[in-house]
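Please open the structure in a viewer and keep the selection tool at hand.

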Amino acid sequence: TPLSEKVLNYVELCWIYDEAFAIAIGGMLANLDMASAMLVHYLANDGTDYNIPYNRLIIESTYACNNHIDAINAARNIAGIFEQKGYSQFCNLTEKEYKGDHPNLNWEYSVGKYYMWTLNDILSPSTLQTKFCLRDFYDWEKDDYALDPLPISQHSLWLLHYAGMAQQYYVYGDITQDITR
């Protein structure tokens, strides 16, 4: 590749990086603090895992709260089956995905699609102790050129990772609760 083409590519990548950073700052000013922080973490290019406040997620996001309640109900419904078979612990796994009509953009832009599972301990005939675990991978779609919902395409953000200017990373969040059966 000629040097002039490499310079043009680098200048384009720098422009994408600056645009992404400006979007992150704009997100902070628009009270999208988690979305902004996670984009800044991506642009920091260190790839370290990121711990989200799961308890805040379920308080602020109606969709995530409903998923949390569904997981509680599923644990309650199957606890008796495991208990009858002599088990005191069980787990379940589901994938939860935000829909386009999600009312909280802060969480839609930050976490988006995630895996969730529960680890359950039957403490007594009336109580379960449940650990809710959320896991995600913060990455961008290589072939998505759409400028919605952000004014920058996922492809452009993926280019930053591919060029070594930003780093994808794992996202996690946990909370443990005692649940009345």
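A residue counts as partly exposed when its relative accessible area lies between the limits for buried, under 20%, and exposed, over 50%. The model shown here is predicted.

**First stop: Asp174**

Select Asp174, which is placed in strand E5, residues 169–180. Asp174 and Cys133 are 41 residues apart along the chain, yet 4.6 Å separates their C-alpha atoms. Leaving aside residues up to four places away in sequence, Asp174 touches Tyr54, Lys131, Phe132, Cys133, Leu134 and Arg135. Now display the side chains of Asp174 and Arg135: a polar contact of 2.8 Å joins them.

**Second stop: helix H2**

Move to helix H2, residues 33–43. How many of the residues of H2 are buried? The number is 8 of 11, so the helix is largely enclosed by the rest of the structure. To see them, select Met34, Ala35, Ser36, Met38, Leu39, His41, Tyr42 and Leu43, the buried residues of H2. After the helix comes Asn45, whose phi is positive, near 65°.

Which residues make the contact? From H2, select Leu39, Tyr42 and Leu43; from H6, select Leu157, Trp158, Leu160 and His161. Colouring this selection by residue class will show 6 nonpolar residues, 1 polar residue and no charged residue.

Rolling a probe the size of a water molecule over the atoms shows where empty space is left. The largest pocket has a volume of about 860 Å³. To find its centre, select Glu108, Tyr109, Gly112, Trp140 and Gln154, which lie nearest to it among the 33 lining residues. Then highlight helix H1 (3–29), H2, helix H5 (105–110), strand E3 (114–124) and strand E4 (127–138), each of which supplies at least two residues of the lining. The largest share, 4 residues, comes from E4. By class, the lining of this pocket divides into 17 nonpolar, 6 polar and 10 charged residues.

Note on methods. Residues numbered from 1 in each chain as written. Predicted model: local features only at pLDDT ≥ 70, side-chain atom pairs only at ≥ 80, totals over all residues. Heavy atoms only, no water. Axes fitted to C-alpha atoms, helices over the stretch in contact; angles between N-to-C directions. Contact = heavy atoms within 4.5 Å. Nonpolar A, V, L, I, M, F, W, Y, C, P; charged D, E, K, R; others polar. Polar contact = N/O pair within 3.5 Å; in protein donor to acceptor, adjacent residues only side chain to side chain. 1 Å grid on protein atoms, 1.4 Å probe; cavity = no way out; pocket = protein on both sides within 12 Å on 5 of 7 lines; lining within 4 Å. Points joined across faces, edges and corners; volume = space filled by probe spheres on them. Buried < 20%, exposed > 50% of the residue type's maximum accessible area, 1.4 Å probe, protein only.
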